[in-house]
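I opened the notebook on this chain today. I wanted one local spot first and the overall picture after.

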Amino acid sequence: MIELELPYPPSVNHYYRYVGRRVLISRVGRAFRRQVCAVVAAAGVKPLAGPLRITIEVFAPDRRRRDIDNVQKALLDALEHGGVYHDDSQIV
């Protein structure tokens, strides 16, 4: 089992930016990815193969009301980018 403590992810609304017809990861999203990559590298995590189960415990940074399903997209993409697993389709 691997346990990581990661920064609170940006919502999907702030993770992407639309530039014309293209969809890009925003500056905030790229900064979050870099933070996750640094935590993963410091923990020495190697890419996992096969089906995976992930448990996410979310602790909001403040008392604002949030939509919890906006958290997982940025988080799972950043973990994939950081090399925890090969593809987020491995999560079952």
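**Entry 1: Q90**

I began with a polar atom of the Q90 side chain, which lies 3.0 Å from the backbone nitrogen of D87. I count a polar contact as a pair of N or O atoms within 3.5 Å, where within protein one must be able to donate a hydrogen and the other to accept it, and residues adjacent in sequence count only if both atoms are side-chain atoms.

I noted that the model is predicted: local features need pLDDT of at least 70, side-chain atom pairs count only at pLDDT 80 or more, and totals for chains, interfaces and linings use all residues. Residues are numbered from 1 along each chain as its sequence is written, and side-chain values use heavy atoms, with hydrogens and water left out.

I placed Q90 in the segment after α3 (69-81). Is Q90 buried or exposed? Q90 counts as buried because its relative accessibility is 12%; the cut-offs are under 20% for buried and over 50% for exposed, with partly exposed in between (1.4 Å probe, protein chains only).

I then listed contacts (heavy atoms within 4.5 Å). Leaving aside neighbours within four places in sequence, Q90 touches L48, A49, G50, P51, L52 and Y85.

**Entry 2: the chain**

I read the order of elements as α-β-β-α-α. Helices (H or I, at least four residues) and strands (E, at least two) are DSSP runs, numbered from the N terminus.

I checked burial: 24% of the 92 residues are buried. Of the contacts with a separation of 6 or more, 68% join residues 24 or more positions apart. The C-alpha atoms fill a box of roughly 35 × 35 × 25 Å, taken along the principal axes.
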